[in-house]
Amino acid sequence: MTDQAALQSVLDRAAAGGRITKEEALDLYRHAPLHALGQAADAVRRRRYAGTEHIATYIIERNINYTNVCVTACKFCAFYAAPKDEKKGWSRDLEDILRRCAETVELGGTQIMFQGGHHPDYGVEYYEEHFAAIKKAFPQLVIHSLGASEVEHMARISGVTAEEAIARIHAAGLDSFAGAGAELLPERPRTAIAPLKESGERWLEIMEIAHRLGVESTSTMLMGTGETNAERIEHIAMIRDTQDRTGGFRAFIPYTYQPENNKLKGRTQATIFEYLRMIAIARLFLDNIAHIQGSWLTVGKEAGQLSLHYGADDLGSIMLEENVVSSAGAKHRSNRQEIIDLIRKAGRTPAQRATTYEHLLVHGDPANDPADDRVVSHISSTAIEGGTAHPELKLISTN
Ligand code: SF4
């Protein structure tokens, strides 16, 4: 279907709340004019958030990379060290991790994302011990971390089922899964970039178990490692099918592959246009997922800002630390005030959100509500811009 009238009719149906098929999504992704995609996706966003459609959200979190030692050796990854590579490999001890949590709380963060390699010695017990210690010391911090890949790995190490692993780490303190490891779910592109990871079907199966056990999650997609347009659409179709059964995915977050320092070097990144098209298609096709997140650590601030006009309602996190995509070449940095300004310049009202997307603080217009911005700049000056109290911290933004 390349007839523009036919494409517009599908866009109109989607904008009015109708479901579109996988084939229609692929046609739109390939052939619909970019502005028409954005217009339809924005209409869907506005209808879903009628009454608060003027708001775009962000969250403050810290990404705690607990180890880079990993047995899975994904070809796109610039972060990991093989277990025998003692020069490159490192792990943080619990004291170091708790110090990072303390700084997160002190700097206004509400969430931590535990993210690391598949360490050959870290089974369920490791995560139980660490999550319990974090929750005991900082019950106010939400542990939004890991994903199906980590569950598969830790269950194998401990000789238990995925169901038992999830139940145990949830009981120890894990609140929700970050959706790590989804990469590309269809078999061909997944095997090409992460041959040792579990299959896409298994990734979804584990997320389904988690959702059934009451552990919700986000979902992600890595774009630009050589997958076809049809495989991109297949990826979101697999997520939509699972979501129809579970309702446990809170958000969908596409992000672009960073080409430095890894074994896929030389492959092309997804362009900004491809990225914006995917944000819009996600809003139109994933009619059962509430939040679509612009990930501007990988695509840049302007593209992140534009994503708010292509169906995204959230700009993700201002991070106190990030090492994984930065290792692969993501160079975009920002701070809280900058995100607030970006959202305002996109014509939206910024709001700090919780992990579960409730609004914690809706920022007023500084012209009308100067007190509101005084709160913001107080936090910015000490944490976000690297004040003397925490000189080692970088506050940057990613998903
Ligand atoms: S992406 Fe994760 S699982 Fe894959 S090599 Fe890197 S750290 Fe290991």
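## The nonpolar core

Start inside the fold: the largest nonpolar core holds 104 residues, and Leu28, Phe114, Tyr127, Phe177 and Leu284 touch the most other members. Such a core is a set of buried Ala, Val, Leu, Ile, Met, Phe, Trp, Tyr and Cys residues joined through side-chain atoms within 4.5 Å, where buried means under 20% relative accessible area with a 1.4 Å probe, protein chains only. Helix α11 (residues 272-285) gives the largest share of this core, nine residues. Domain 1 (4-46) and domain 2 (54-398) both contribute residues, so the core lies between them; these bounds come from an automatic or database domain assignment.

Tyr127 touches Tyr66, Phe114, Gly117, Tyr122, Leu146, Met154 and Ile169, leaving aside residues up to four places away in sequence. Contact here means heavy atoms within 4.5 Å.

## About the model

This is a predicted model, in which local features need pLDDT of at least 70 and side-chain atom pairs count only at pLDDT 80 or more, while totals for chains, interfaces and linings use all residues. Residues are numbered from 1 along each chain as its sequence is written, and side-chain values use heavy atoms, with hydrogens and water left out.

## Around the ligand

Cys70, Thr72, Ala73, Cys74, Phe76, Cys77, Tyr80, Gly117, His118 and Lys197 surround the ligand, each with a heavy atom within 4 Å of it. By class, this shell has six nonpolar, three polar and one charged residues.

## The whole chain

The chain has 16 helices and 11 strands, taken as DSSP runs (helices H or I, at least four residues; strands E, at least two). Of its 399 residues, 60% are buried.

Key
Nonpolar A, V, L, I, M, F, W, Y, C, P; charged D, E, K, R; others polar. Buried < 20%, exposed > 50% of the residue type's maximum accessible area, 1.4 Å probe, protein only.
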